[in-house]
Amino acid sequence: MTVVIGFEGSANKIGIGIIRDGEVLSNPRRTYITPPGQGFMPSDTARHHRAVILTVLKEALDQAGLKPADIDCVAYTKGPGMGAPLVTVALVARTVAQLWGKPLLGVNHCIGHIEMGRLITKANNPTVLYVSGGNTQISNDPSPGYNIEQMAKKGSQYVELPYTVKGMDVSFSGILSYIEEVAHKMLSSGQCTAEDLCFSLQETLFTMLVEITERAMAHCGSQEVLIVGGVGCNLRLQEMMGVMCQERGAKLFATDERFCIDNGAMIAQAGWEMFRSGKVTELEDSWITQRYRTDEVEVTWRD
């Protein structure tokens with residue numbers, strides 16, 4: 001049996017998870033929450049992570065009923081993410097690996113999401129929609145995406161918003177500019193409610209995502225869709241994607257907030273796959289990178 005511990009801290013969540021041959025033994029985490037309107041600064045987020053990471057590490061080991069000697073490999077998030085939090089977690093992971101005498105593995109955060117989704121859902125060879133970036137300055141308690149989702153449930157009037165899809169590319173920038181320009185006027189005149197705007201925002205963005213996902217499925221001849229990433233928790237997105245899949249005779253796979261939202265187990269799972277395929281990260285190569293593209297990773301553990 002191979003046991004891997006994973007350290008995740010690329011944004012406002014710090015999590016440490018332990019995986020043993022596909023079984024999640026523990027997965028505690030903490031979230032850095034700031035007052036509405038402030039967002040979270042990299043230095044403040046890193047300070048939060050430093051304050052709680054050893055407590056979370058102890059929780060992970062205790063919940064799993066393991067000791068350092070039982071761990072085979074230490075995995076950490078190499079990137080992408082916020083620089084200061086990434087460095088904080090990487091330093092602890094490097095220190096732990098040296099103290100315990102264990103090999104180290106730098107993991108791509110996005111690959112972690114995908115591998116965790118595949119583990120939990122048992123999807124075979126899916127087209128993957130990775131929907132992340134749910135952090136804003138509006139309100140991160142519990143998350144802006146969740147707050148928008150709840151308000152959207154009370155909306156009924158659709159407000160037409162910019163819709164930009166070019167092949168497999170989408171653009172969301174025009175939507176923000178448009179809402180900033182017209183929202184105050186529409187709300188003050190009673191043309192719509194804040195709930196209507198949230199409803200319209202979700203419907204527009206998710207329709208764009210469903211469109212490009214269906215196009216990808218058609219190109220690849222795929223009959224499975226896997227939604228991963230923090231925004232993948234959104235039930236309306238899952239519902240819309242499910243309708244498309246049903247019409248194509250395809251199958252939809254998704255997870256809940258335990259594994260959609262950033263967590264340590266997803267880094268441990270990706271690390272488990274990589275370690276079993278013979279990959280390790282030498283200490284001198286164990287840096288972090290804020291811009292670490294998914295397609296930069298050579299996937300040697302799948303056919």
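Visitor: Is K122 buried or exposed?
Guide: This model is predicted. K122 is found in the loop between α3 and β7. Its relative accessible area is 62%. The cut-off for exposed is over 50%, so K122 counts as exposed.

Visitor: What is the phi of K122?
Guide: K122 is not a glycine. Even so, its phi is positive. The value is about 65°.

Visitor: Where does D21 lie, and is D21 buried, exposed or partly exposed?
Guide: D21 also has a positive phi, near 45°, and is a residue other than glycine. D21 lies in the loop between β2 (13-20) and β3 (23-26). Its relative accessibility is 34%. Buried needs under 20% and exposed needs over 50%, so D21 counts as partly exposed.

Visitor: Which residues does a cis peptide bond join?
Guide: Look at the loop between β5 (73-79) and α2 (83-100), where P80 lies. Omega of the cis bond is about -5°. The two residues it joins are G79 and P80.

Visitor: What is the order of the strands in the open sheet of three?
Guide: The pairing is parallel. The edge strands are β7 (127-130) and β11 (251-254), and each pairs on one side only. From one strand to the next, the twist averages 20°. The order is β7-β10-β11.

Visitor: Which helix packs on that sheet?
Guide: The helix spans residues 109-121 and touches β7, β10 and β11. Its direction makes about 125° with that of β10. The helix is α3.

Visitor: Which residue in β11 stands opposite V225?
Guide: Start with strand β10, residues 224-228. Four bridges join β10 to β11, and the two run parallel. Opposite V225 stands L252.

Visitor: Which is the nearest cysteine sulfur to C220, and is C220 buried or exposed?
Guide: C220 is in no disulfide; the nearest cysteine sulfur is that of C245, 14 Å away. The relative accessible area of C220 is 60%. C198, at 12%, counts as buried. C220 is exposed.

Visitor: Which ring does the charged end of K78 sit over?
Guide: The structure holds zero aromatic pairs. Here a charge meets a ring instead. The charged end of K78 is 5.4 Å from the ring's centre. The ring belongs to Y292.

Methods
Residues are numbered from 1 along each chain as its sequence is written. This is a predicted model: local features need pLDDT of at least 70, side-chain atom pairs count only at pLDDT 80 or more; totals for chains, interfaces and linings use all residues. Side-chain values use heavy atoms; hydrogens and water are left out. Two strands pair if DSSP finds at least two bridges between them. Axes are lines fitted to C-alpha atoms, for helices over the stretch in contact, and angles run from 0 to 180 degrees between N-to-C directions. Contact means heavy atoms within 4.5 Å. Rings of Phe, Tyr and Trp (its six-membered ring) pair if their centres lie within 6.5 Å; planes under 30 degrees apart count as stacked, over 60 as edge-to-face and the rest as tilted. A charge sits over a ring if NZ of Lys or CZ of Arg is within 6 Å of the ring centre and within 35 degrees of the ring normal. Buried means under 20% relative accessible area, exposed over 50%, partly exposed in between (1.4 Å probe, protein chains only). A disulfide is a pair of cysteine sulfur atoms within 2.5 Å.
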